[in-house]
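Trainee: Could you go through this model with me? I'd like to ask things as they come up.

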Amino acid sequence: MIGEPTAVLGSASVNPTIGVLALQGDVREHLAALRSLGADPISVRRPGELAACDGLVIPGGESTTMAKLATIFDLLEPLRDAVRAGLPAFGTCAGMIMLADRIEDGAAGQETIGGLHITVRRNAFGRQVDSFEEDIHVDGLADPVRAVFIRAPWVEAVDGDVEVLARVEDGPAAGRIVAVRQGPLMATSFHPEVGSDDRVHGMFVDLVRSA
Ligand SMILES: NC(=O)CC[C@H](N)C(=O)O
């Protein structure tokens with residue numbers, strides 16, 4: 001019917017294209033988790049690939065290496081622009097560091113994408129317990145998540161617009177913040193892509209769909 005508005009569903013609401021920054025780190029596990037949730041995941045190494053994304057996952061790995069490669073691949077500024085423009089992004093572990101505005105114990109001159117109004121402490125859990133697993137309650141999920149921490153950062157401080165989603169519950173680091181959300185940005189200190197529990201990725205896919 002002429003002049004009748006047609007309901008057009010944006011592709012993002014049906015089958016969002018979610019990029020995984022593929023410079024370094026555990027890319028494949030994120031691609032698999034996103035695929036199992038019905039998203040359309042792609043590896044991102046070039047600005048053109050970034051431009052095709054409705055959302056972006058920044059994996060775990062090594063944040064100093066990732067930042068250097070992002071600079072070499074001419075991706076750091078496009079990543080900053082995209083996050084500034086509101087691209088939903090989810091950083092895990094090194095990816096959390098990449099999204100943070102401020103780093104404690106970073107390498108000299110370590111760059112980040114930024115956008116998330118938090119201070120992260122790199123390698124915060126220290127040598128003795130640098131890798132561990134713990135059941136953690138995440139806001140928005142009914143049952144706890146088995147959280148895997150590998151030389152993980154914790155969130156040292158958050159600005160007022162950041163929602164704390166999870167804290168360490170046991171041991172000497174109890175109370176430390178390990179999952180946050182700020183508008184379309186999410187980050188976890190742990191690795192939800194390890195194992196078969198896709199619920200944390202599901203929270204991000206929902207966030208992308210609603211963005
Ligand atoms: N598993 C991880 O992503 C570790 C992060 C790493 N310690 C870093 O500083 O980037």
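Trainee: Which residues touch the most other members of the largest nonpolar core?

Mentor: Leu99 and Val178 do, in a core of 63 residues; a nonpolar core here is a set of buried Ala, Val, Leu, Ile, Met, Phe, Trp, Tyr and Cys residues joined through C-beta atoms within 7 Å. A residue is called buried if 20 or more other C-beta atoms lie within 10 Å of its own, exposed if 12 or fewer, and partly exposed in between, with C-beta atoms placed from the backbone. This is a predicted model, in which local features need pLDDT of at least 70 and side-chain atom pairs count only at pLDDT 80 or more, while totals for chains, interfaces and linings use all residues. Residues are numbered from 1 along each chain as its sequence is written.

Trainee: And what does Val178 touch?

Mentor: Leaving out residues up to four places away in sequence, the contacts of Val178 include Ile136, Ala147, Trp154, Val155 and Phe190, where contact requires that the two C-beta atoms, placed from the backbone, lie within 7 Å.

Trainee: Which residues surround the ligand?

Mentor: The ligand is surrounded by Gly60, Gly61, Glu62, Ser63, Cys93, Ala94, Ile97, Arg122, Asn123, Ile150 and Arg151, each having its C-beta atom, placed from the backbone, within 6 Å of the ligand. By class, that shell has four nonpolar, four polar and three charged residues; Ala, Val, Leu, Ile, Met, Phe, Trp, Tyr, Cys and Pro count as nonpolar, Asp, Glu, Lys and Arg as charged, and the others, Gly among them, as polar.

Trainee: Take Arg122, then: buried or exposed?

Mentor: Arg122 is buried, with 21 other C-beta atoms within 10 Å, and its place is in the loop between strand E6 (116-121) and strand E7 (131-136). Helices (H or I, at least four residues) and strands (E, at least two) are DSSP runs, numbered from the N terminus. Not counting residues up to four places away in sequence, Arg122 touches Ser63, Ile97 and Pro153, among others.

Trainee: What about Arg151?

Mentor: Arg151 is partly exposed, with 16 other C-beta atoms within 10 Å, and lies in the loop between strand E8 (145-150) and strand E9 (154-158). Apart from neighbours within four places in sequence, Arg151 is in contact with Asn123, Asp130 and Ser131.

Trainee: Where is Asp130?

Mentor: Asp130 is in the loop between E6 and E7 and is partly exposed, with 13 other C-beta atoms within 10 Å.

Trainee: Back to the shell: what phi does Cys93 have?

Mentor: Cys93 has a positive phi of about 55 degrees although it is not a glycine. Cys93 lies in the loop between strand E4 (89-92) and helix H6 (94-99) and is buried, with 30 other C-beta atoms within 10 Å.

Trainee: Last one: which residues of helix H2 are buried?

Mentor: In H2 (residues 27-36) the buried ones are Val27, His30, Leu31, Ala33 and Leu34. They cover an arc of only 165 degrees around the axis, which puts them on the same side of H2, the arc being that of the directions from the helix axis to the C-beta atoms. What covers them includes strand E1 (17-21), strand E2 (40-44), strand E3 (55-58) and helix H7 (199-210).
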